[in-house]
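Please keep the sequence and the model in view while reading.

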Amino acid sequence: MKISRWLRNVILTELFIPITLLIVGIYHGLMQTVYRAGLIHQSSFAGLDYYQGLTLHGVINALVLTTFFAVAFGHATVAYFLKVEPRKQPTKISMWLMIAGTAMASWAMFAGKADVLYTFYPPLKAHPLFYLGLAVMIVGSWIPLFDWIGLLKSWRASHVGEKVPLAVWGTVINFIIWFTCTLSVAYEVLFMLLPWSLGWKATVNVALARTLFWFFGHALVYFWLLPAYVMYYSFLPKLAGGKLYSDLVGRITFAIFLIFSIPVGVHHQFSDPSIEPNTKLTQSLLTFGVALPSFLTAFTMFATLEYAGRKNGGKGLFGWIGRLPFFDSSRYLFSYFICGLILFIFGGFTGIVNASYELNAVVHNTAFLPGHFHMTVAGPVILAMLGMSVHLVSQLKGKKIFAPALNTIVPYLWMIGVFIFSAGLMWGGLQGEPRRTNLGLSYLNPKSDLFHPQWVPDTLLTLCGGFIMFLAAVFFFIVFFGTFFRKQTQQADQLEFPVSEALHDEKIIPLFNDLRPWVILMILIILIAYIPAILDVFRFAGPGAPPHLPGSPVPGL
Amino acid sequence: MQFLGVELDKYEFRALLTAMVVMTIFIFSMLYVVGARRSDVPQCVNFDKSYLTPRVDKIDDSTYEVYMVAQMWGFQPDEIRIPVGSTVDFYLTSKDVVHGFYIDGKDVNMMAEYGNVTKRTAKFNTAGVYKIFCHEYCGVGHQNMEARIIVGFPSNQQ
Ligand code: HEM
Ligand SMILES: [Cu+2]
Ligand SMILES: [Cu+2]
C-alpha cells in the first residue's frame with residue numbers, strides 16, 4: 001500500500017528522533033554497569049553525572065522512545081489495516097507537541113537541572129521545564145487516539161458483520177489504556193509538581209504524588225508491551241511460515257489488558273507508608289489477573305510456532321523447532337520477535353515474584369528489579385521496536401537493509417547480553433544490592449568504609465552482559481542509520497506488513513468486537529481498586545513536603 | 001469445547017485451564033502466607049511530629065522500639081545494639097526526600113517519606129551485624145547512606 005508523503009514523513013520523524021536519542025541512553029546503560037562494577041570510583045564521567053545519566057537512560061529509553069514508537073507504529077497499523085490515513089492536522093500537531101515536550105525535558109536533563117530519575121518522586125525537585133516537557137509530550141500522544149476512534153467508527157459503519165482487524169483492536173485498546181492512566185500523571189505533573197517547582201505552592205503531598213504516579217506507572221509497562229503483542233499476533237505467524245493459532249485468544253488477551261492494566265499500580269508501593277495492607281493485597285491479587293493474558297499469549301505463540309514448524313516439514317516432538325527461520329535475513333523480523341519472546345518467559349516469571357505481596361519485600365528496590373525489567377522492556381519491547389523501525393524505514397524510504405546479516409544476528413547478541421546482564425543483577429539483588437545507586441563510589445570501592453565485597457562477582461557479571469548488549473546496540477545503530485542514509489533503490493512511501501491468517505478463525509462475537517462494554521468494566525474496576533488507596537493516603541498522610549534539590553539537605557528551589 | 005458459543009480448540013482449552021490452576025495456586029499460597037503465617041508487612045501509622053525524634057526505646061530485655069529518621073544522607077540512629085532474640089518495632093519517617101530502608105538479610109523493606117510513618121516488626125534470633133541500606137535514590141549522597149544493627153555484641157559502655 002502506498003501512503004502520502006506527509007504521513008511517511010511523520011512516521012519517519014517519530015522513529016528517527018528517539019532512536020538518535022537512544023544512542024545516549026545506550027551509552028549510559030553501559031556506563032552504569034561500569035560504575036556499578038567499581039571500575040571507576042567517580043561521581044561523573046566525561047561530563048555526565050551518574051544520576052543525570054540514569055535519568056537520561058530511564059526517560060529516553062522508557063518514556064520517549066516507547067511513546068514515539070507507539071504513536072508512529074499506531075499510525076502505520078491503523079492506516080494499513082483500515083485502509084484510511086489519519087487526518088493530517090491532528091497528526092502533525094501531535095508530532096510537534098511530542099517533539100517540543102521532548103526538547104524541553106531533554107534540555108533540563110542535559111543541563112543537569114533534572115537529576116530526579118524517570119519517576120521524579122517529590123520532594124526531589126527538577127527544573128519546571130522538565131515537568132512541563134513531559135506533560136506536553138504526553139498530551140501530544142493523546143491526540144491520535146481520538147482520530148483513530150473516528151476512523152474506526154466509520155470503518156465499522158461500512159464493514160457491518162466484519163471483525164475489527166486484530167491489530168487495530170490491540171492498538172486502540174493500548175491507547176485507551178494510555179489515555180486513562182496518563183490522566184493521573186498529567187494531574188500530578190501539571191497541578192502538583194509544576195506549581196510547586198515554580199514556587200507558587202509551598203509543599204506537595206508525597207504519598208499522593210507517588211500513588212498518582214503508579215496509577216500511571218504500571219499501565220505504562222503495558223503501553224510499552226502491547227505494540228509488541230500486536231506484532232506477535234499479527235505478523236509473527238506469517239513470518240514463521242504458518243498461521244495464528246487462534247484469533248479469538250488475541251482479542252481476549254487485549255480485552256483483559258484493558259480492564260486489568262491500571263488497577264494494579266499499588267503493587268509498586270508494597271513498601272510504602274499510608275496505604276493499608278488490605279488495599280495492597282487487593283491490587284496484588286488483581287495483578288495475577290493481568291498475568292493471565294500473558295499466559296494465554298505464551299500458549300498461543302508456542303502453538304503457532306509449532307504449527308509453522310510442522311508445516312515447514314518438522315517432525316517429532318521437537319523437530320519443528322529446527323524448521324523455524326531463525327537466521328533468514330529476508331525475514332529478520334522473526335529473529336527480533338523470537339528473541340523477545342524467549343526473554344519474556346523469564347521476564348514474566350520474575351514479574352510474578354515482584355507482584356507477590358510478601359515476596360516483594362525480598363526484592364523491592366534491589367538490583368533484582370532492573371534485572372527483571374531488562375527482560376521485559378529491554379527484551380520483547382525494545383526488540384520489537386527496533387526490528388519494526390528498520391522495517392518501516394526501509395519501506396517508507398525505499399531502501400534496502402544495510403548489512404542484512406548483521407541485522408539478523410543483532411537480536412541474538414542482544415538476548416545473550418540481556419540474559420547475562422539480568423542474571424548478574426538478580427543475583428546481586430538477592431544479596432541486597434540496591435538499585436539506582438552509584439556503587440562504585442562506596443560499596444564497590446575498596447577504599448571506602450562501606451566496601452561490600454560480596455557484590456564484586458555479580459556486578460562483574462552484569463558488566464559482561466552490559467557490554468554484550470552495548471555491542472549489539474552498536475551493530476543495530478550501524479544497520480539503522482546505514483539503511484536510513486543509503487541510496488534509495490526501491491519504490492518509496494510503501495507500507496507493507498507480513499499479515500497472518502488465523503488457523504482457528506472463530507466466528508464473530510459481538511462482545512469481542514465492541515470496546516464500549518470493556519471500557520465501562522475498566523472504569524468500574526479502577527474505581528473499586530483505587531478509591532480505597534486514595535482514601536488511605538488522605539487518612540494517614542501528614543504535612544506536605546517542601547522542595548529539595550538533589551544536592552542539598554536544605555529545602556529550596 | 002464450547003465457549004461463549006464458539007468452538008474452542010481442545011489444546012487451547014487445556015492451556016486455559018492450566019493457566020487458571022497455576023494462578024489459583026499462586027494466589028492461595030500468597031493468602032496462606034498473609035493469613036496463616038501472619039507474615040509481617042509494613043503497617044500504616046498516623047503521622048505525628050514525635051516520630052521525627054530519632055531514638056531507641058527499650059520496653060523490656062527483649063523488646064525494643066526504634067524510631068528511625070532518614071535524612072540526606074544518613075539514618076538516625078545509625079547504630080543500634082540489641083541482644084539476641086530481640087523483637088524490634090521499627091517506626092520510619094523521612095526529614096526530607098524519599099529514602100529507602102532495607103535490612104540486609106531480614107527482608108525488612110520500607111520507604112521513608114516526608115509526612116508519613118511506616119511500622120514494621122522484626123525479630124533478631126541470630127547474632128551478627130545487620131547492615132541497613134538506603135535503596136531509593138535520594139540525591140548526590142545516596143550511595144553513602146548506611147546504618148547498622150548489632151545483635152548480641154554489647155558495647156563497652158553498656
Ligand atoms: C546496553 C544496554 C543497556 C544497559 C547496559 C543497561 C543498564 C542498566 C543498568 C545497570 C540499570 C540500573 C542502574 C541503577 O539502578 O543504578 C538500568 C536501569 C534502567 N534501564 Fe537499562 N540498560 C540498557 C538498555 C536499556 C533499554 C533498551 C531500556 C528500555 C527500553 C532500559 C531501561 C531501563 C530503565 C527503565 C531503568 C530504570 C532506571 C531507574 O531506575 O530510574 N535499559 N539500565
Ligand atoms: Cu507494575
Ligand atoms: Cu538514598
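Around ligand 1 there are 26 residues, of which A:Tyr50, A:His57, A:His374, A:Arg435 and A:Arg436 come nearest; a residue counts as near a molecule if one of its heavy atoms lies within 4 Å of it. This is a predicted model, in which local features need pLDDT of at least 70 and side-chain atom pairs count only at pLDDT 80 or more, while totals for chains, interfaces and linings use all residues. Residues are numbered from 1 along each chain as its sequence is written, chains are lettered from A and ligands numbered from 1 in the order in which they are written, and side-chain values use heavy atoms, with hydrogens and water left out.

**The surroundings of ligand 1**

- The shell around ligand 1 holds 15 nonpolar, eight polar and three charged residues. In this division, Ala, Val, Leu, Ile, Met, Phe, Trp, Tyr, Cys and Pro are nonpolar, Asp, Glu, Lys and Arg are charged, and the others, Gly among them, are polar.
- A polar side-chain atom of A:His374 lies 2.8 Å from a nitrogen atom of ligand 1, and one of A:Gln32 lies 3.3 Å from a nitrogen atom of the ligand. A polar contact is a pair of N or O atoms within 3.5 Å; within protein, one must be able to donate a hydrogen and the other to accept it, and residues adjacent in sequence count only if both atoms are side-chain atoms.
- A:Thr437 takes part through its backbone, with an N or O atom 3.2 Å from an oxygen atom of ligand 1.
- Two or more residues of the shell come from each of α1 (5–36), α2 (50–82), α13 (377–397), α14 (404–430) and α15 (456–485) of chain A. Helices (H or I, at least four residues) and strands (E, at least two) are DSSP runs, numbered from the N terminus.
- The most is given by α1(A), with six residues.

**The copper ion**

- Three protein donors, A:His218 (ND1), A:His267 (NE2) and A:His268 (NE2), lie 1.6 to 2.0 Å from the copper ion (ligand 2). Donors are N, O and S atoms within 2.8 Å of the metal (3.2 Å for Na, K and Ca); water is not among the atoms, so sites may look incomplete.
- Along the chain, the donors follow the spacing H-x48-H-H.
- Distant parts of the chain are linked here: A:His218 is in helix α6 (residues 206–234) of chain A, and A:His268, 50 residues apart from it, is in the loop between α8 (247–260) and α9 (277–311).
- A:His218 counts as buried at 8% relative accessibility, whereas A:His268 is partly exposed at 23%. Buried means under 20% relative accessible area, exposed over 50%, and partly exposed in between (1.4 Å probe, protein chains only).

**The sheet in chain B**

- Five strands of chain B form an open sheet with mixed pairing, in the order β7-β13-β12-β9-β10. Two strands pair if DSSP finds at least two bridges between them.
- The edges are β7 (79–82) and β10 (108–112), each with a single partner strand, so one side of each has no neighbour in the sheet.
- Strands β9 (residues 99–103) and β12 (residues 128–133) of chain B run antiparallel and are joined by two bridges. B:Tyr102 stands opposite B:Phe133 in β12(B).

**Contacts of B:Ser94**

- B:Ser94 belongs to strand β8 (residues 86–94) of chain B and is buried, with a relative accessible area of 1%.
- Its side chain reaches the backbone nitrogen of B:Asp96 at 3.0 Å. A polar atom of the B:Ser94 side chain also lies 2.6 Å from the backbone oxygen of B:Val97.

**Backbone exceptions**

- Most residues other than glycine have a negative phi, and most peptide bonds are trans.
- The peptide bond from A:Pro122 to A:Pro123 is cis, with omega near 5°, and A:Pro123 is in the loop between α3 (88–110) and α4 (128–158) of chain A.
- B:Met72 and B:Trp73 are also joined by a cis peptide bond, with omega about -5°.
- A:Ala46 has a positive phi near 50° and is exposed, with a relative accessible area of 68%.
- A:Asp493 has a positive phi near 65° and counts as buried at 7% relative accessibility.
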